[in-house]
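Subject: Structure handover

Hello,

Please find the structure below. My notes on it follow.

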Amino acid sequence: MIIDISERKAAERRLHEQAEQLVLANRYKSEFLANMSHELRTPLNSILILSDQLRQNSAGNLTQKQAQHADIVHRAGSDLLQLINSVLDLAKVESGRIQLKLEPLDVREVLVELDASMRPMAELRACSCIPRCRRRCRRWCMPTAPACSRYCATWCPTR
């Protein structure tokens, strides 16, 4: 009895080729992440240094609003740096080389930072972000947003 295994051998060959392609794609991804981190971090570090100097306003030649805007730029840059680090951490997770460190999170502090970073853009567009309403519903509401009425008996006041 003769059994034709040519189809099986062809399937094995295709699987082997696909496995090689996956290894190659994974190597390209790792190289991209390494290059991306360097290419993004270099100018970002300059932005962080300069915005930190501006927000400190040691020469005293900036208005309070300009110093606040420099602070927003610095915090946004720091957030972007954190995001880049998180993307790189994903690569570490894939390779099994990361350890998790659980930390408490102060949600109010996050909301205050979010308010500070979004307020200038909201003011330019003549709208306002309210961190909480009269009923303290813990949702950020726009004063005229219908979603607010679902969580509050009254509309959120503007500041």
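First, the term for elements: helices (H or I, at least four residues) and strands (E, at least two) are DSSP runs, numbered from the N terminus. By that rule the protein has four helices and zero strands. The order from the N terminus on is α-α-α-α.

Two notes on the source. This is a predicted model, in which local features need pLDDT of at least 70 and side-chain atom pairs count only at pLDDT 80 or more, while totals for chains, interfaces and linings use all residues. Residues are numbered from 1 along each chain as its sequence is written, and side-chain values use heavy atoms, with hydrogens and water left out.

Overall numbers

The protein exposes about 13000 Å². Carbon and sulfur atoms supply 58% of that area. Accessible areas come from the Shrake-Rupley method with a 1.4 Å probe; for residues, only the protein chains shown count as cover. Of the 159 residues, 18% count as buried. Buried means under 20% relative accessible area, exposed means over 50%, and partly exposed is in between (1.4 Å probe, protein chains only).

Now contacts, meaning heavy atoms within 4.5 Å. Take those with a separation of 6 or more: residues 24 or more positions apart account for 45% of them.

Salt bridges

The structure holds six salt bridges. The criterion is a side-chain nitrogen of Lys or Arg within 4 Å of a carboxyl oxygen of Asp or Glu. As background, side chains of opposite charge can pair when their charged atoms come close.

- Asp-71 and Arg-55 meet at 2.8 Å, N to O. Asp-71 lies in helix H2 and Arg-55 in helix H1, so this pair ties together parts that are 16 residues apart in sequence. Asp-71 is partly exposed at 21% relative accessible area, and Arg-55 is partly exposed at 30%.
- Glu-103 and Lys-101 meet at 3.4 Å, N to O. Glu-103 is exposed, with a relative accessible area of 55%. Lys-101 is exposed, at 68%.
- Glu-12 and Lys-9 meet at 4.0 Å, N to O. Both lie in helix H1, three residues apart, about one turn of the helix. Glu-12 is partly exposed at 36%, and Lys-9 is partly exposed at 44%.

There is also a network. Salt bridges link Asp-52, Arg-55, Asp-71 and Arg-75. Is Arg-75 buried or exposed? Arg-75 counts as buried, at 19% relative accessible area. Arg-75 lies in helix H2 (residues 64-95). Leaving out residues up to four places away in sequence, Arg-75 touches Glu-113, Ala-116 and Ser-117.

Glu-113 and its patch

Glu-113 is found in helix H3 (residues 107-124). Its relative accessible area is 36%, which means partly exposed. Glu-113 also belongs to a negative surface patch, together with Asp-79, Asp-106 and Glu-109.

Patches are made of residues with over 30% relative accessible area and no salt bridge; like charges are joined within 9 Å, and nonpolar side chains (Val, Leu, Ile, Met, Phe, Trp, Tyr) within 5 Å. Lys and Arg count as positive and Asp and Glu as negative; His and the chain ends are not counted. The place of a charge is taken as NZ of Lys, CZ of Arg, CG of Asp or CD of Glu.

The nonpolar patch

Met-1, Ile-3 and Ile-5 form a nonpolar surface patch. Together they have about 420 Å² of accessible area. Ile-3 sits in the segment before helix H1 (6-56). Ile-3 is exposed, with a relative accessible area of 65%.

Two more residues

Ser-51 is in helix H1. Ser-51 is buried, with a relative accessible area of 4%. What does Ser-51 contact, leaving aside neighbours within four places in sequence? Ala-70, Val-73 and His-74 are in contact with Ser-51.

Asn-57 is found in the loop between H1 and H2. Asn-57 is not a glycine, yet has a positive phi of about 50°. Most residues other than glycine have a negative phi. Asn-57 counts as buried, at 19% relative accessibility.

Best regards
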